[in-house]
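Reader: I am new to looking at protein models, and I would like to learn how to read one feature at a time. Could you show me the structure and then take my questions in turn?

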Amino acid sequence: MLADDVNGQSSGRLKPAGCCGDHLLIDASKMELPLDLQTSIQDANLWFSMLTIMFNPLFWNVVARWEYRNHTLTKVLGSPQRGCIFLGSTIFSLGLFRDYRFNVALDSQPKWPVLYENWILLLGYGCILFGMTLVLTSYWALGFYGTFLGDYFGILMDRRVTEFPFNIFNDPMYVGSAFSFLGTSLIKASQTGIFLTIFVVICYRIATYFEGPFTAYIYTQKNKKT
(Lines give C-alpha, C1' and ligand atoms only; values in the text may rest on other atoms or scores of the structure.)
Protein backbone atom coordinates (compact mmCIF):
# COMPACT_ATOMS: atom_id res chain seq x y z
CA MET A 1 0.00 0.00 0.00
CA LEU A 2 1.31 3.51 -0.89
CA ALA A 3 1.97 5.85 2.00
CA ASP A 4 0.78 9.45 1.85
CA ASP A 5 3.11 12.35 2.57
CA VAL A 6 2.31 15.21 4.93
CA ASN A 7 0.33 17.01 2.21
CA GLY A 8 -1.91 14.00 1.72
CA GLN A 9 -0.35 13.20 -1.65
CA SER A 10 1.14 9.88 -2.60
CA SER A 11 4.88 9.75 -2.07
CA GLY A 12 5.33 6.79 -4.33
CA ARG A 13 7.21 4.83 -1.63
CA LEU A 14 6.04 1.82 0.28
CA LYS A 15 5.61 2.43 4.01
CA PRO A 16 6.77 -0.43 6.31
CA ALA A 17 3.77 -2.27 7.67
CA GLY A 18 3.49 -4.52 10.69
CA CYS A 19 3.84 -4.31 14.44
CA CYS A 20 7.13 -2.37 14.52
CA GLY A 21 6.74 -0.07 11.55
CA ASP A 22 5.70 2.96 13.58
CA HIS A 23 7.68 2.18 16.75
CA LEU A 24 11.36 1.67 16.11
CA LEU A 25 12.49 2.71 19.63
CA ILE A 26 11.94 0.83 22.89
CA ASP A 27 10.38 2.74 25.77
CA ALA A 28 12.70 1.72 28.62
CA SER A 29 10.42 3.37 31.17
CA LYS A 30 7.85 0.64 30.53
CA MET A 31 10.33 -2.17 31.21
CA GLU A 32 10.32 -4.07 34.53
CA LEU A 33 13.36 -5.62 36.15
CA PRO A 34 13.02 -9.32 36.98
CA LEU A 35 14.38 -8.66 40.48
CA ASP A 36 12.31 -6.53 42.83
CA LEU A 37 14.94 -4.60 44.76
CA GLN A 38 14.09 -4.61 48.46
CA THR A 39 17.24 -2.95 49.77
CA SER A 40 17.51 0.65 50.93
CA ILE A 41 21.05 1.85 50.22
CA GLN A 42 20.37 5.07 52.11
CA ASP A 43 20.12 3.14 55.36
CA ALA A 44 23.16 3.86 57.54
CA ASN A 45 22.74 0.48 59.27
CA LEU A 46 23.49 -1.28 55.98
CA TRP A 47 26.81 0.51 55.58
CA PHE A 48 27.67 0.08 59.27
CA SER A 49 27.13 -3.67 58.90
CA MET A 50 29.30 -3.81 55.79
CA LEU A 51 32.01 -1.91 57.64
CA THR A 52 32.10 -4.41 60.51
CA ILE A 53 32.07 -7.35 58.09
CA MET A 54 35.03 -5.91 56.21
CA PHE A 55 36.91 -4.70 59.28
CA ASN A 56 37.06 -7.96 61.24
CA PRO A 57 39.22 -10.13 58.93
CA LEU A 58 41.35 -7.09 58.13
CA PHE A 59 41.92 -6.51 61.85
CA TRP A 60 42.94 -10.03 62.81
CA ASN A 61 45.22 -10.45 59.80
CA VAL A 62 47.01 -7.15 60.40
CA VAL A 63 47.37 -7.65 64.16
CA ALA A 64 48.45 -11.31 63.83
CA ARG A 65 51.18 -10.48 61.31
CA TRP A 66 52.29 -7.57 63.44
CA GLU A 67 52.56 -9.92 66.41
CA TYR A 68 54.48 -12.51 64.38
CA ARG A 69 57.11 -9.95 63.41
CA ASN A 70 57.33 -7.87 66.61
CA HIS A 71 55.95 -10.10 69.45
CA THR A 72 54.42 -6.99 71.01
CA LEU A 73 51.46 -8.67 72.70
CA THR A 74 53.73 -11.45 73.95
CA LYS A 75 56.09 -8.91 75.51
CA VAL A 76 53.35 -6.77 77.05
CA LEU A 77 51.29 -9.66 78.45
CA GLY A 78 54.21 -11.88 79.45
CA SER A 79 53.69 -14.99 77.29
CA PRO A 80 52.52 -16.10 73.86
CA GLN A 81 49.54 -17.87 75.42
CA ARG A 82 48.32 -14.71 77.16
CA GLY A 83 48.82 -12.71 73.98
CA CYS A 84 46.81 -15.22 71.97
CA ILE A 85 44.05 -15.30 74.57
CA PHE A 86 43.84 -11.51 74.45
CA LEU A 87 43.68 -11.44 70.65
CA GLY A 88 41.22 -14.34 70.57
CA SER A 89 38.93 -12.61 73.06
CA THR A 90 39.08 -9.42 71.00
CA ILE A 91 38.27 -11.29 67.78
CA PHE A 92 35.36 -13.07 69.48
CA SER A 93 33.98 -9.77 70.81
CA LEU A 94 34.29 -8.12 67.42
CA GLY A 95 32.44 -11.08 65.92
CA LEU A 96 29.56 -10.62 68.35
CA PHE A 97 29.40 -6.92 67.50
CA ARG A 98 29.46 -7.71 63.77
CA ASP A 99 26.58 -10.17 64.20
CA TYR A 100 24.64 -7.58 66.19
CA ARG A 101 25.11 -4.95 63.49
CA PHE A 102 24.11 -7.50 60.84
CA ASN A 103 20.82 -8.16 62.63
CA VAL A 104 20.20 -4.45 63.13
CA ALA A 105 20.71 -3.90 59.41
CA LEU A 106 18.27 -6.68 58.51
CA ASP A 107 15.63 -5.37 60.92
CA SER A 108 15.86 -1.86 59.49
CA GLN A 109 15.54 -3.00 55.88
CA PRO A 110 12.36 -3.92 53.94
CA LYS A 111 11.23 -7.53 53.94
CA TRP A 112 11.24 -9.53 50.73
CA PRO A 113 7.81 -11.17 50.23
CA VAL A 114 9.33 -13.74 47.87
CA LEU A 115 10.87 -15.38 50.96
CA TYR A 116 7.55 -15.69 52.80
CA GLU A 117 7.46 -19.46 52.38
CA ASN A 118 7.53 -22.15 55.06
CA TRP A 119 10.11 -24.21 53.19
CA ILE A 120 12.41 -21.18 52.99
CA LEU A 121 12.00 -20.66 56.73
CA LEU A 122 12.97 -24.28 57.36
CA LEU A 123 15.87 -23.92 54.93
CA GLY A 124 17.06 -20.92 56.94
CA TYR A 125 17.11 -22.90 60.17
CA GLY A 126 18.87 -25.73 58.36
CA CYS A 127 21.57 -23.35 57.12
CA ILE A 128 22.17 -22.07 60.65
CA LEU A 129 22.34 -25.61 62.04
CA PHE A 130 24.80 -26.65 59.33
CA GLY A 131 26.86 -23.51 59.78
CA MET A 132 27.08 -23.81 63.55
CA THR A 133 28.03 -27.48 63.19
CA LEU A 134 30.97 -26.51 60.99
CA VAL A 135 32.07 -23.73 63.33
CA LEU A 136 31.85 -25.80 66.53
CA THR A 137 33.49 -28.92 65.09
CA SER A 138 36.27 -26.74 63.65
CA TYR A 139 36.88 -25.25 67.08
CA TRP A 140 36.88 -28.72 68.61
CA ALA A 141 39.48 -29.93 66.09
CA LEU A 142 41.75 -26.88 66.34
CA GLY A 143 41.40 -25.91 69.98
CA PHE A 144 41.51 -22.32 71.22
CA TYR A 145 45.04 -21.51 70.09
CA GLY A 146 44.60 -23.13 66.70
CA THR A 147 41.35 -21.26 66.14
CA PHE A 148 42.57 -17.84 67.22
CA LEU A 149 45.84 -17.59 65.30
CA GLY A 150 48.15 -19.19 67.81
CA ASP A 151 50.52 -19.96 64.92
CA TYR A 152 51.40 -16.28 64.73
CA PHE A 153 52.41 -16.37 68.41
CA GLY A 154 54.67 -19.37 67.90
CA ILE A 155 52.09 -21.79 69.33
CA LEU A 156 52.27 -24.31 66.51
CA MET A 157 50.31 -27.51 66.03
CA ASP A 158 52.14 -30.83 65.82
CA ARG A 159 50.41 -31.87 62.61
CA ARG A 160 47.92 -30.70 60.03
CA VAL A 161 44.31 -31.20 61.10
CA THR A 162 42.53 -33.55 58.70
CA GLU A 163 39.49 -34.59 60.77
CA PHE A 164 35.94 -33.42 60.06
CA PRO A 165 35.17 -30.81 58.88
CA PHE A 166 38.67 -30.17 57.48
CA ASN A 167 38.39 -33.30 55.36
CA ILE A 168 35.53 -31.59 53.48
CA PHE A 169 36.38 -27.87 53.52
CA ASN A 170 39.69 -26.03 53.60
CA ASP A 171 38.21 -23.23 55.69
CA PRO A 172 35.17 -24.72 57.43
CA MET A 173 34.86 -21.88 59.95
CA TYR A 174 34.44 -19.35 57.18
CA VAL A 175 32.01 -21.63 55.35
CA GLY A 176 30.03 -22.20 58.53
CA SER A 177 29.90 -18.51 59.31
CA ALA A 178 28.63 -17.73 55.81
CA PHE A 179 25.89 -20.36 56.12
CA SER A 180 24.82 -18.84 59.45
CA PHE A 181 24.52 -15.41 57.84
CA LEU A 182 22.52 -16.90 54.98
CA GLY A 183 20.22 -18.77 57.35
CA THR A 184 19.50 -15.63 59.35
CA SER A 185 18.72 -13.77 56.12
CA LEU A 186 16.24 -16.42 55.01
CA ILE A 187 14.52 -16.56 58.39
CA LYS A 188 14.11 -12.79 58.40
CA ALA A 189 13.01 -12.77 54.74
CA SER A 190 15.70 -10.23 53.97
CA GLN A 191 17.04 -9.59 50.51
CA THR A 192 19.55 -7.24 52.13
CA GLY A 193 20.78 -10.11 54.27
CA ILE A 194 21.44 -12.21 51.17
CA PHE A 195 23.45 -9.36 49.65
CA LEU A 196 25.40 -8.97 52.90
CA THR A 197 26.05 -12.72 53.00
CA ILE A 198 27.60 -12.48 49.52
CA PHE A 199 29.73 -9.63 50.83
CA VAL A 200 30.81 -11.81 53.78
CA VAL A 201 31.88 -14.57 51.38
CA ILE A 202 33.90 -12.09 49.31
CA CYS A 203 35.67 -10.70 52.40
CA TYR A 204 36.45 -14.19 53.70
CA ARG A 205 37.69 -15.25 50.29
CA ILE A 206 40.08 -12.31 50.17
CA ALA A 207 41.26 -13.11 53.71
CA THR A 208 42.16 -16.68 52.74
CA TYR A 209 44.46 -15.38 50.00
CA PHE A 210 46.56 -13.79 52.74
CA GLU A 211 46.13 -16.27 55.59
CA GLY A 212 46.80 -19.50 53.74
CA PRO A 213 50.21 -18.64 52.25
CA PHE A 214 51.40 -16.91 55.40
CA THR A 215 50.42 -19.83 57.63
CA ALA A 216 52.28 -22.15 55.24
CA TYR A 217 55.28 -19.82 55.53
CA ILE A 218 55.19 -20.03 59.34
CA TYR A 219 55.30 -23.82 59.30
CA THR A 220 58.00 -23.80 56.62
CA GLN A 221 60.15 -21.70 58.93
CA LYS A 222 59.44 -24.14 61.76
CA ASN A 223 60.58 -27.09 59.65
CA LYS A 224 63.79 -25.28 58.73
CA LYS A 225 64.66 -24.86 62.42
CA THR A 226 64.01 -28.52 63.30
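Reader: What share of the residues of the protein counts as buried?

Author: Buried means under 20% relative accessible area, exposed means over 50%, and partly exposed lies in between, with a 1.4 Å probe and protein chains only. Of the 226 residues here, 35% count as buried. The protein exposes about 14,500 Å², of which carbon and sulfur atoms supply 66%; such accessible areas come from the Shrake-Rupley method with a 1.4 Å probe, and for residues only the protein chains shown count as cover. Please keep in mind that this is a predicted model, in which local features need pLDDT of at least 70 and side-chain atom pairs count only at pLDDT 80 or more, while totals for chains, interfaces and linings use all residues. Residues are numbered from 1 along each chain as its sequence is written, and side-chain values use heavy atoms, with hydrogens and water left out.

Reader: How many helices and strands are there in the protein?

Author: Helices (H or I, at least four residues) and strands (E, at least two) are DSSP runs, numbered from the N terminus. The protein has six helices and two strands, and from the N terminus on its elements run β-β-α-α-α-α-α-α. For contacts, which are heavy atoms within 4.5 Å, residues 24 or more positions apart account for 79% of those with a separation of 6 or more.

Reader: Why does the distance between the end C-alpha atoms of helix α1 agree with its 27 residues?

Author: The expected span of a helix is 1.5 Å times one less than its number of residues. Helix α1 covers residues 44-70, so its 27 residues should span 39 Å, and its end C-alpha atoms are 37 Å apart, which agrees. A bend at a residue is the angle between axes fitted to the seven residues ending there and the seven starting there; α1 bends by about 25° at F55, and a proline, P57, follows within four residues. At the N-terminal end, D43 caps α1, with a side-chain oxygen 3.1 Å from the backbone nitrogen of N45.

Reader: Which residues does T184 touch?

Author: T184 lies in helix α5 (residues 172-187) and is buried, because its relative accessible area is 17%. Not counting residues up to four places away in sequence, T184 touches F102, N103, L106 and I128.

Reader: What can I learn from the backbone angles of L149 and A189?

Author: Most residues other than glycine have a negative phi, and most peptide bonds are trans. L149, in the loop between α4 and α5, has a positive phi near 65°, and at 14% relative accessibility L149 counts as buried. A189, found in the loop between α5 and α6 (191-225), has a positive phi of about 50° although it is not a glycine, and at 4% relative accessibility A189 also counts as buried. A cis peptide bond joins F164 and P165, with omega about 5°, and P165 is found in the loop between α4 and α5.

Reader: Which residues does the "transmembrane region" annotation cover?

Author: UniProt positions are given in the numbering used here, feature names are shortened, and annotations may be inferred rather than shown by experiment. According to the unreviewed UniProt entry, the "transmembrane region" annotation covers residues 44-63 and 120-145. Over residues 120-145 the chain is 100% helix and 0% strand, with end C-alpha atoms 37 Å apart.

How values were computed
A polar contact is a pair of N or O atoms within 3.5 Å; within protein, one must be able to donate a hydrogen and the other to accept it, and residues adjacent in sequence count only if both atoms are side-chain atoms.
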